[in-house]
Amino acid sequence: MVEHKEFAMPSCLGGSGPHVLSFLDEALLMQLLDSLRAVTGHAWRLEDSHAEAGQGDAAGLGVEVQVDGDVPCRLRCNAQHLPPDHLALAQGIAGLLAVSIAQRLACAREQLHRIATEAALADHGKRMLLLVDSLPVLIHAHDKDGRYVFWNKECERVIGFTAEQMLAGDFPGVSWMYSAYADPMEKYQEVHDGDQDYRDKELMLRCVDGEIRTFAWTNISRQCPIPGWAGWEVGMDITARLRTERALQEQVQFMESLIQAVPYPLYIKDTSLRYIGCNRAFAEFVGRPMEQLAGLRATDLLDEEGALQIEAFEQTVLAGGERRQLEARLSHADGSMRDVLLENNAFHGSDGSPRGLICVFTDITEQKRHERQLLHAKRQAEEASQAKTRFLTNISHELRTPLNGIMGATELLLAEELTQEQQDYLGMVRSSTTNLLRILNDILDLASLDEGRLPVTPLPCNLHRALEGLFKLFAVQAQWKRLQFSWTIEEEVPQDVLLDMERLRQALSNIFWNALKFTERGEIVIRVCLDPAALPGADPVAVPLRIEIQDTGIGIPPDQRERIFESFSLAESVMTKKHGGAGLGLAISHKLAALMGGRLWVESEEGAGSTFFMALPLALP
């Protein structure tokens, strides 16, 4: 803490007063008093102007001594009257005394003023030193020989050398500090010996901790007002700032390289929808150099219709602040029209307000062409499929009439008295005709499913009773083939439900006949239960019914499992030659399950049998 002193003029130097007499030269005073006594014959004395007159005798004659218009003292003798020449002499001596007192007072005042000025300067210097040491900048000064004469606290803190070390005559630490340069002392002399001022000059100094840091120095050498100082430098540590600037520049360069490396056209716009950046791919698309695109709008580069469409879309992106896509047709630099997919995203400032948008678009002209080709091919395929379905439906209807006639004639012949051989032949005719009618019915059902003409009508029914009646029919068929057959309906399965039992019976019959066909020995087991996991995403109010049909047949090869639910897939398999069939039953069951809101899938191991699962959501009445 700097001590502050207040300097004031003592009262004796203020002009007059009882202490003014102390400023007279005593030898001079005595000499003048002796001269007056010798001339006048009277004893003279010098008294304070405030002294009282003597007691008894008359006070005598007094001559005033005036200093700066005041009367600090008087010359006095006991005589009441003096000759004019004696009185003039006394007045002249009083004038000499006044001059002497005034000179002595002036000298005293000047000396006191000098002392006060020096004290004020010293106090001001202490204040300035405290201020300079508290500043967060580096400040040091040098003399005309380049030697350090001042080194503030921030220099000590940042660089590490103390003021005592730096102000020493042998320049400690200079070579260490300037070691980032080939010739440290030459660099030091270059910085400190010049008489040219500079501003923000970057200088690398090695600190005591060994780190080389960069400082920005401002030098003041011309007209330096401080004695002994040839100039001083003010510096700031800009190492962190330069590091940040380099990192930012590297990031900007990286982002620029990244943008240019993107093979798709990319551009950046401000909130007024003017281009502020792009990559080479976009410049090639519009046929302009990148440096010419800044400040332009879409209407300056693209066809009017496409440009207006894009700008309207970009306005919605800026307003909504979310990522959006747009398909558009834009004119290319080569004159062709291109289908493009634009993906726009707005970017925002630190306050959350939109600052612009970035757009990347992909040329999807070829993709669109392929889509149109695929759409055309799809229409053709659908038309062909519909034609096939109509053909199958028509031919099935046409075949049913003669087949019904064959079956009727066969039944009439079987009612006659025939030989055993004739009955066997007619039985073969009836069996073949029945199978052919089943295939025709399957074709008609499949055609109806494909065209959406097979309705599903849920009706109230007793599920347990209906399934048990169906399973008994299955049991008869299994007994003919000498297979074990069993079924289980768990108690948790509700009895009264809403269900299109006709469609369920048709779907289960196809699965059972498939199992019966491919199982030569062993068993067929049916299990009915509830399984919510079998219908993910279904209505939680619905009853999740699951029906399993397990057989010990030949199983399904892994490469065939995905195809067994496709129409006519079985006809392409080598198993068809042995077991027959058109491959329509499972396809119909799969479509019926989906039509009823459920699904059908299979788990199988080749040579060890298969298990078909049907899951259906049932409603309660």
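Q: What makes a residue count as buried, partly exposed or exposed?
A: Buried means under 20% relative accessible area, exposed means over 50%, and partly exposed lies in between (1.4 Å probe, protein chains only). The model is predicted, so local features need pLDDT of at least 70 and side-chain atom pairs count only at pLDDT 80 or more, while totals for chains, interfaces and linings use all residues. Residues are numbered from 1 along each chain as its sequence is written, and side-chain values use heavy atoms, with hydrogens and water left out.

Q: Why is R323 called exposed?
A: The relative accessibility of R323 is 59%, which is over the limit for exposed, so the label applies.

Q: What makes R323 and E343 a salt bridge?
A: A salt bridge needs a side-chain nitrogen of Lys or Arg within 4 Å of a carboxyl oxygen of Asp or Glu. The closest N and O atoms of E343 and R323 are 2.1 Å apart, so the pair meets the rule. It links distant parts of the chain, 20 residues apart: E343 is in strand β12 (residues 337-348), and R323 is in the loop between α9 (304-320) and β11 (324-331). Helices (H or I, at least four residues) and strands (E, at least two) are DSSP runs, numbered from the N terminus. E343 has a relative accessible area of 24% and is therefore partly exposed.

Q: How do you know that R213 and D237 form a salt bridge?
A: Their closest N and O atoms are 2.6 Å apart, so the pair passes the distance test. R213 belongs to strand β7 (residues 212-220) and D237 to strand β8 (residues 231-237), so parts 24 residues apart in sequence are tied together. D237, at 27% relative accessibility, is partly exposed.

Q: How many salt bridges does the rule give, and which residues are linked in a network with R527?
A: The count is 24 salt bridges. The network of salt bridges links R527 with E490, D531, R546 and E548. Within it, R527 and E490 have their closest N and O atoms 2.5 Å apart. R527 lies in strand β17 (residues 523-530) and E490 in the loop between β15 (484-489) and β16 (496-499), so this pair joins parts 37 residues apart in sequence. R527 is partly exposed, at 31% relative accessibility.

Q: Why is D339 called buried?
A: D339 has a relative accessible area of 9%, so it falls under the limit for buried. D339 is in strand β12.

Q: What makes the pairing of D339 and R329 a polar contact?
A: The term needs N or O atoms within 3.5 Å; within protein, one must be able to donate a hydrogen and the other to accept it, and residues adjacent in sequence count only if both atoms are side-chain atoms. The side chains of D339 and R329 make this contact at 3.0 Å, so the distance is inside the limit. Leaving aside neighbours within four places in sequence, D339 is in contact (heavy atoms within 4.5 Å) with residues including A328, T362 and R372.

Q: How many disulfides does a search of the whole structure find?
A: The search finds 0 disulfides, the term requiring a pair of cysteine sulfur atoms within 2.5 Å. As for individual cysteines, C73 is buried at 0% relative accessibility, whereas C107 is exposed at 55%.
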